Amino acid sequence: MSAPVSSPALGAESPVQTALGRVWGRSQSIIPTLAAVVLLIAMLVYAEIAYGRVFHAGTMSSLLVSFAPTIILAVGMTIVILSGGIDLSVGAVVAFTSVAGVMLMNIGINGWLSIFLMIGFGALFGLVSGILIQYFNVQPFIATLAMMFLARGLASILSTVPVQAPEDAPILLLGTDFKIIDGPKVNDLVLTPGFFIAVLVVLGAFFFLHRTRMGRTVYGIGGAESSAQLMGLPVARTRVWIYVLSGSLAGLAAVVYTAEVGGKAQNVTGIGWELDAIAAVVIGGTLLTGGAGYVLGSVVGSLVLASLWMIITKDGTIRPEYLTIITGGILLVFVLLQRVLTARRRR
Amino acid sequence: MAFVKTLIRTPWFWGIVGIALLLTLNVIKDPTYLRIGVNSTTGLLAGNVLDILRVSAPIIMIALGMTFVIATKGIDLSVGSIMAVGGAAAMETLRAVEGQNAVGAMFTAIGVALLIGALLGLVNGVLVAVVGLQPFISTLVMMLAARGIARVITGGQNTNATNAPFREISNGQIFGLPTSFVLAIVIVVVVSLIMRRTALGLMIESIGINPAASRLAGIRPRPILITVYVLSAILAATGGLFTVSEVMTVDVSGTGYQMELDAILAVVIGGTSLAGGKFSILGSTVGALLIATLNKTVLFLGVSAAATPAFKAIVIVVLVLLQSERVRNYVLQLGRRRSRKEVVA
């Protein structure tokens, strides 16, 4: 499964040609990811030169910690997009699960159980999307758009004012700072359990996509669904699981985010996060049409967005209004890059 | 009997049933709900029904544009943001030309708003038709960017302006009906004439059914796709004008926020399939009216406005389920089984 079988049609060409062709083919799928890495380094270097204190443990740790939820969402979105789908509901699911979880904690449900339930609620939304998409042939973006509205509406029915978790809630433990490196003055490397959860999610997704059968099936569905079906891959089951996984990761992102902001949850949390996640995935080189991409690329994509956000805050002269335009612009550039590359490959 | 049968088959019939049900629900809660009185300060007619008609005007606009986009098998997720851009452009223009001839200022503001809207639609259209991006990703980018453009236009502020004739668009009345609603209906009629009296509507549908086949039949898809996205954006900007003229303020993050689902919902209620290939303008208009009624009803029943999306989500899930083949086959099978039993009996 893992090694590409050379097709008889290529047999006519010389082995050197096939090898070159393979390298070229592979490089094309990696070009957008490389572009994202270059962009990230360029942005960080520019920020260091222009504003200073960027390659600085304090800055880096706040960047990594505050973007942990985005990274978790981007991982879930990568798996969905690899399968040729999209999940527009993640931001709203974060809002619903965090409000619901904090309210459960407030009415005296065990704190750990509440955290578990938060992830479970996320999984439920994903399950509904998955069933709609797989068994009722609803387009992914319509199904998940409906789930987005459902989750956002339900969150508002629960509460339209911020709710606060009790002081002894275990979720707050996930937001505690761990000083990894005690630097001079404020130059400490401080990370939270939330950050480590994000790292585990990335590693887990990497293992899932590249080392498990279901992971290969995800690529297969995105590449050519009918071929995947003919090969006897469990397309239906896998597709439902993909959305369950994306929903659960949205629930987990809600846990991490709620912990990070000190146990506060609000029905307006997470507006536009699905776009950040999609942008991170696309910038990271995953094809929107599915079938090709890397979960590590999405992490790079998230970091590109993080450094963009950092530059805009550090600069001060760039008005925050431009943030969405710039994000949209970068997203567009990368989609166009993909378009050019895929068009060439098809030729 | 045959007439009733065709009526039930028409998709928008169920939209009208929905509106009737919602209104009945309101009347049960408050028997005076449908009463129309005269507002003593303005001397105009006032009542819940007129309110519903007024707030339906922007929804009709975006639903109309979305109808054609969906008929080409596309989607326009940027309509809500373009509404904000249109509103922001109008408010800033009115501010800039304050003190001049009020009617002239109004037309300048409308012109500027529609022009900027058309430009954004052109970008959508070029990305979809020429570059060949998936419609939902091009318009998703536009949704992101246009919201930012609205903020840039107003400098991040919620700009307000004063202009008597512009304010009349939503607050005035023609023959007792809200001006914005009358304007919306006029626009609907004009657009349907263009679509049905020329070949444009047919070509839009043929692209939605099979772009390759329609190209072979001599239809060039590019100009038509671009037209459709530009039209959708212009109509969205018009919707934005209707919205801001109600309060004479543009809320750069709130105007048109999440209205794209309203538009999609209205189109689906109206019987236009999301798979493209056909459209019903009347259906979408009925759908828009149903959504306006739903919005008002949820508020009237004392549920927070922020919760309305949940109800809409349920409606859209039910509708897409009804459209799905699996449910259809199941229902057909039920019908077949029943008729077989009758034969046996």
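A residue is called buried under 20% relative accessible area, exposed over 50%, and partly exposed in between, with a 1.4 Å probe and protein chains only. By that rule A:Ile49, at 70% relative accessibility, counts as exposed.

Good morning. The model shown is predicted, so local features need pLDDT of at least 70, side-chain atom pairs count only at pLDDT 80 or more, and totals for chains, interfaces and linings use all residues. Residues are numbered from 1 along each chain as its sequence is written, chains are lettered from A and ligands numbered from 1 in the order in which they are written, and side-chain values use heavy atoms, with hydrogens and water left out.

I begin with confidence. The predictor gives the complex an ipTM of 0.79 and a pTM of 0.84. pLDDT is the predictor's confidence in each residue, from 0 to 100; chain B averages 86, and 96% of its residues score at least 70.

Let me turn to chain A. Helices are DSSP runs of H or I, at least four residues, numbered from the N terminus. A:Ile49 lies in helix H1, residues 15–51. Together with A:Ile41, A:Val45 and A:Phe55, A:Ile49 forms a nonpolar surface patch of about 420 Å² accessible area.

A:Met60, in helix H2 (residues 57–66) of chain A, is partly exposed at 23% relative accessibility. Contact here means heavy atoms within 4.5 Å. Leaving aside residues up to four places away in sequence, A:Met60 touches A:Leu44, A:Val54 and A:Phe55. A:Met60 and A:Leu191 are 131 residues apart in sequence, yet their C-alpha atoms are 9.8 Å apart.

Helix H7 of chain A covers residues 193–211. The expected span of a helix is 1.5 Å times one less than its number of residues. For the 19 residues of H7 in chain A, the reach from first C-alpha to last is 26 Å, close to the expected 27 Å. Its buried residues include A:Phe195, A:Ala198, A:Val202 and A:Leu209.

Now to chain B. Which residues does B:Asn26 touch, not counting those up to four places away in sequence? They are B:Tyr33, B:Thr297, B:Phe300 and B:Leu301. B:Asn26 sits in helix H2, residues 11–29, of chain B, and is buried, with a relative accessible area of 0%.

Technical notes
Patch = residues over 30% accessible without salt bridge, like charges linked within 9 Å, V, L, I, M, F, W, Y side chains within 5 Å. Areas by Shrake-Rupley, 256 points an atom, 1.4 Å probe, with all protein chains shown as cover. Salt bridge = Lys/Arg side-chain N within 4 Å of Asp/Glu carboxyl O. Helix = DSSP H or I, 4+ residues; strand = E, 2+ residues; numbered from the N terminus.
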